[in-house]
Amino acid sequence: MSIVSDQTSSVSRSKLPVAIVFHRVALSLFGSYAFTWGFTAFGVAALSALGVDFHEAETAMLILAFLVILAVFLWAFAARSLSLVWLVLAGGAALFCAAAWGIQKIILA
Amino acid sequence: MFANFRQSMAWLHTWYGLVLGFVLMVVFFFGSLSVFDREIDRWAIPETRFEPQPMPSFDKMLLPILQKVEPHEVDYNAQMPILHDHNQGPMTPRLELPAEEYWAYTTHRDPVLIMGAGFGVPKPKDPEGHNHIHGDVTIDPRSGKLVSDEALKIGSGWFYPMHYGLHLGWKNLGYWLVGLASLTMLIALVTGIVMHRKIFREFFTFRPEKKIQRSSLDLHNMTGVLALPFHFFFAFTGLVIFAGWLYFPVAETLLKPLHHQHEVLEADKTGLPHERSGVPATLASVDAMVAEAKRRWAERDMAGEVGYLAISHLGDQNGYVSIYRAGSDRVALVGEGIHFNASTGELIREDPPRSTVGNINEFLTGLHLQHFEHWLLRWLYVLGGLLGSVCIATGFIFFVEKRKQRYAQKNSQFIRVVDAVAVTVVTGMLIAAVGMLVANRLLPVEFENRDSWEKNAFWGLWILAFVHAMIRSGPVSKALMNPAWREQSIAIAVLAVLAVGLNWMTTGDHLIKTIFTQTYWPVAGVDLSLLVTSGIALWVARILKLREQASLPIVTLKSKTIESGEVAHV
């Protein structure tokens with residue numbers, strides 16, 4: 001725990017560059033939100049397509065959403081590669097939203 | 001960014017915990033007070049100190065009052081320019097808006113009844129949207145007399161919204177901050193567990209005789225671990241309550257077409273019309289419908305009072321009356337809705353029992369919103385909320401204690417500001433809350449804009465507490481304690497006793513009366529809680545005085561490193 005623990009000198013403490021911290025904080029926060037948003041929309045659309053009542057699907061997904069965002073957020077913070085986090089969160093959000101929109105189109109057609 | 005997983009979790013715990021902890025503190029504390037919001041209302045509005053009443057006759061009492069309800073000016077000014085289609089001419093004047101829905105709501109703890117009307121926007125920009133301007137009133141259901149708008153319901157109208165919205169209305173900013181803080185609570189619990197391998201031992205570890213840094217960490221861990229399921233559950237369900245409306249409104253945005261189709265199909269299936277027909281119609285006896293609803297509940301072995309009553313598409317042939325049972329005997333909220341045709345009084349539909357998913361959701365949100373009648377459980381909620389507050393507050397203290405030596409050496413002012421903000425959100429918040437009660441009893445009843453002045457007192461005292469904490473923060477930069485902690489504790493003690501005394505002087509309701517001769521627990525409970533608060537604040541001030549006298553300015557790291565071995569916390 002060299003950076004954050006008490007036993008080390010104050011030199012290693014200040015090693016975290018502000019830009020990287022800011023990047024990670026913003027990405028993990030907005031990224032996990034966008035990912036969860038897409039996941040929820042996709043889940044509601046997919047469950048509806050499977051014949052689940054719309055509000056039931058919505059309720060179930062919204063309960064699940066906060067467990068998902070918690071897990072995704074923690075992963076985004078712990079993951080080593082920022083580009084991987086970018087890829088999974090932004091890519092996942094876009095794919096989920098597109099899939100949700102597509103499923104909706106099929107149901108309403 | 002970090003060398004390992006534990007380190008990244010520790011960073012999150014420290015920094016998210018600190019920054020959002022200030023918000024969390026407010027959420028936990030006012031959440032604890034909100035468990036008894038209606039009781040605080042009674043304390044703050046003495047003319048409503050009587051027993052809870054069942055829903056009165058709709059036809060005889062509520063309807064004539066509802067017909068006089070006007071769209072609220074603030075709501076009209078805020079919403080009308082957004083909802084109205086300006087291409088179709090000027091906005092309909094406020095008092096000419098047609099009432100389209102009525103509602104009335106009460107609980108087993110409410111002597112007063114709140115009710116209101118939703119007014120339609122005749123030329124809406126989005127005809128499919130929720131085009132309503134609202135207006136509401138509070139009445140004494142025994143007489144039908146209106147309770148003045150200026151009588152601020154400090155519990156349900158100020159402390160409770162503070163709990164979930166911080167009174168920051170702009171762009172729902174307060175809700176978002178509270179949501180982020182709730183997520184932070186979940187994060188802090190998970191990361192806290194990751195950081196503490198010896199979690200079971202910490203259940204039982206509290207060493208008050210040790211240094212502040214060690215004992216505050218013990219208390220932080222103990223309150224965090226002991227009430228961990230409680231904290232997790234409340235942060236989680238709090239998020240779920242607002243999820244569909246604000247945090248993840250998928251049904252109102254991306255999936256709106258699907259949602260709309262469902263609503264229309266649903267209206268067909270339930271027989272509850274989705275739209276107005278345009279054909280005017282009169283209103284049949286609602287009291288008869290209430291009697292029929294009660295009979296049907298009794299038949300299902302669920303006799304009970306009406307909790308919520310609503311009339312949709314008022315004055316239209318498609319109008320219907322929905323009657324819901326009060327939720328005082330179970331965890332779920334109002335329910336078992338029964339719907340009647342508004343103009344004929346015929347039964348349209350009885351809501352079927354909830355599905356499994358619906359039941360889970362009602363159970364989760366119901367446990368959070370606690371509308372049930374179970375006083376022991378209510379007090380356990382307060383205890384859990386206060387344990388959460390202790391957990392957060394000791395987190396601040398640990399953060400400061402751990403760093404102040406180092407910052408004193410570096411001559412940095414950062415920790416001094418952190419400590420002052422911590423004073424503000426811990427003792428300063430109590431000063432604001434208790435001071436508001438004092439202001440409530442000091443301001444004359446006929447005082448103009450009385451409610452605004454109570455709110456001003458609340459914010460003013462809170463700002464004052466911050467200024468005081470900043471001014472007195474000098475010693476922190478020398479690695480000593482900020483005397484504001486102690487001084488504000490004394491202020492809390494004085495204000496709390498003052499509030500109890502003023503309540504006695506202005507209403508004649510002293511504790512001997514409210515406990516023994518004319519027992520009225522809502523007021524007695526608030527008074528007793530204030531006295532206990534005062535006692536604890538004095539005790540804390542005394543201990544802080546002893547600590548202050550005992551501590552010397554030690555600006556070396558030596559004394560610290562002795563203990564740092566066991567302080568393996570961030």
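Trainee: How many of the eight residues of strand E2 (residues 113-120) of chain B are buried?
Mentor: Seven of them, so E2(B) is largely enclosed by the rest of the structure. Buried means under 20% relative accessible area, exposed means over 50%, and partly exposed is in between (1.4 Å probe, protein chains only). Helices (H or I, at least four residues) and strands (E, at least two) are DSSP runs, numbered from the N terminus.

Trainee: What kind of model is this?
Mentor: It is a predicted model, where local features need pLDDT of at least 70 and side-chain atom pairs count only at pLDDT 80 or more, while totals for chains, interfaces and linings use all residues. Residues are numbered from 1 along each chain as its sequence is written, chains are lettered from A and ligands numbered from 1 in the order in which they are written, and side-chain values use heavy atoms, leaving out hydrogens and water.

Trainee: Back to E2(B). In what sense does E2(B) pair with strand E3 (residues 132-140) of chain B?
Mentor: Antiparallel, over eight bridges. Met115(B) has Val137(B) in E3(B) as its bridge partner. Strand E1 (residues 99-105) of chain B also pairs with E2(B) in the antiparallel sense, over six bridges, and there Trp103(B) is bridged to Gly116(B) of E2(B). Two strands pair if DSSP finds at least two bridges between them.

Trainee: Now helices. At what angle do H14 (residues 414-442) and H16 (residues 484-507) of chain B cross?
Mentor: Roughly 15 degrees, with the axes coming within 8 Å. That makes H14(B) roughly parallel to H16(B). The contact residues divide into 18 nonpolar, eight polar and two charged. Ala, Val, Leu, Ile, Met, Phe, Trp, Tyr, Cys and Pro count as nonpolar, Asp, Glu, Lys and Arg as charged, and the others, Gly among them, as polar.

Trainee: What are the cut-offs for roughly parallel?
Mentor: Under 35 degrees; over 145 is roughly antiparallel, 65 to 115 roughly perpendicular, and the rest oblique. Axes are lines fitted to C-alpha atoms, for helices over the stretch in contact, and angles run from 0 to 180 degrees between N-to-C directions.

Trainee: And how does helix H5 (residues 154-165) of chain B pack with H14(B)?
Mentor: At an angle of about 150 degrees, with the axes 12 Å apart. H5(B) and H14(B) are therefore roughly antiparallel.

Trainee: Where is Asn411(B)?
Mentor: In the loop between helix H13 (375-410) and H14 of chain B. Asn411(B) has a positive phi of about 65 degrees although it is not a glycine, and at 61% relative accessibility it counts as exposed. Asp301(B) also has a positive phi, near 65 degrees. Asp301(B) sits in the loop between helix H11 (286-299) and strand E5 (306-312) of chain B and is exposed at 72%.

Trainee: How many helices and strands does chain A have?
Mentor: Four helices and zero strands, in the pattern α-α-α-α along the sequence. Of the 109 residues of chain A, 49% count as buried.
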